[in-house]
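Reader: I'd like to go through this one feature by feature. Could you give me the general idea each time, then the case at hand?

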Amino acid sequence: MTIPFSLFVGILLLLLLLFILVWFYIRRRKQYGPHHRESCSRHTAIPPTFQELQEVIANPESTLEAVEQALDDIMTYYAGIEQLGDYAQIIHNMCRHGNIGAKTIVRFEKALREHNPSYAREIEKILQKALDARG
């Protein structure tokens, strides 16, 4: 049982074509990777205001997904603390919110401390008071 030469050449050409297409795909993905798509979407989207994000967190009817998105937006756009009182209010609202778990609260607090090391002690104290008030 032998393979005809023309069939063998056809299979080789198809494999070569497949290899070239995969190579172009990988090359294009590296050139226009996720960083490119993120930067393009950031420039076109208008970031929500800090007040809007606070309202989402303060609303007891907000879903876990909405609250987590609001927290991610806060860390993306407003990670630098200007007034500690605003962030203290967010932490207190998070601790009182019924849909937010402890992991989400700790993750936000840790990210906030990493972005603002000079406020680390104050943030920890605020979190402890909020957790004590939670019960």
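Reader: Let's start with one side chain: is glutamate 68 buried, partly exposed or exposed?

Author: Keep in mind that this is a predicted model. Burial is read from relative accessible area, with buried meaning under 20% and exposed over 50%. Glutamate 68 comes out at 24% relative accessibility, so it counts as partly exposed.

Reader: Which side chain does glutamate 68 meet in a salt bridge?

Author: That would be arginine 107, at 3.9 Å from N to O. The cut-off for a salt bridge is 4 Å. Glutamate 68 sits in helix 4 and arginine 107 in helix 6, so this pair ties together parts that are 39 residues apart in sequence.

Reader: What other salt bridge does arginine 107 make, with aspartate 72 in mind?

Author: The side chains of arginine 107 and aspartate 72 meet at 3.5 Å, again N to O. Aspartate 72 belongs to helix 4 and arginine 107 to helix 6, so here the parts tied together are 35 residues apart in sequence.

Reader: How accessible are arginine 107 and aspartate 72?

Author: Arginine 107 has a relative accessible area of 43%, so it is partly exposed. Aspartate 72, at 35%, also counts as partly exposed.

Reader: How many salt bridges does a search of the whole structure find?

Author: Four. One of them joins glutamate 109 and arginine 113, at 2.6 Å from N to O. Those two are four residues apart in helix 6, which means they are separated by about one helical turn.

Reader: And are glutamate 109 and arginine 113 buried or partly exposed?

Author: Glutamate 109 is at 5% relative accessibility, so it counts as buried. Arginine 113 is partly exposed, with 27%.

Reader: Now the nonpolar side. What should I expect in general?

Author: In soluble globular proteins, nonpolar side chains tend to be buried together. In this model, the largest nonpolar core has 25 residues. Those with the most contacts inside it are Ile57, Ile74, Ile90, Ile91, Met94, Phe108 and Leu112.

Reader: Which elements give two or more residues to this core?

Author: Helix 3, helix 4, helix 5, helix 6 and helix 7 do. Helix 5 gives the most, with six residues.

Reader: What is phenylalanine 108 in contact with, leaving aside neighbours within four places in sequence?

Author: Phenylalanine 108 is in contact with Leu71, Ile74, Met75, Ile90, Ile91 and Met94.

Reader: Where is asparagine 116 found?

Author: Asparagine 116 is in the loop between helix 6 and helix 7. At 7% relative accessibility, asparagine 116 counts as buried too. Leaving aside neighbours within four places, asparagine 116 is in contact with Ala79, Gly80, Ile81 and Ile123.

Reader: How do I read an aromatic pair?

Author: A pair of aromatic rings is described by the distance of the centres and the angle of the planes. The structure holds four such pairs. One of them, phenylalanine 50 with tyrosine 78, is edge-to-face, at 5.5 Å centre to centre and 75° between the planes. This pair links distant parts of the chain, 28 residues apart: phenylalanine 50 is in helix 3, and tyrosine 78 is in the loop between helix 4 and helix 5.

Reader: Are phenylalanine 50 and tyrosine 78 buried or partly exposed?

Author: Phenylalanine 50 counts as buried at 14% relative accessibility, whereas tyrosine 78 is partly exposed at 24%. Both belong to one aromatic cluster, formed by Phe50, Tyr77, Tyr78 and Tyr87.

Conventions. Residues numbered from 1 in each chain as written. Predicted model: local features only at pLDDT ≥ 70, side-chain atom pairs only at ≥ 80, totals over all residues. Heavy atoms only, no water. Phe/Tyr/Trp six-rings, centres within 6.5 Å; stacked < 30°, edge-to-face > 60°. Buried < 20%, exposed > 50% of the residue type's maximum accessible area, 1.4 Å probe, protein only. Core = buried A, V, L, I, M, F, W, Y, C linked by side-chain atoms within 4.5 Å. Contact = heavy atoms within 4.5 Å.
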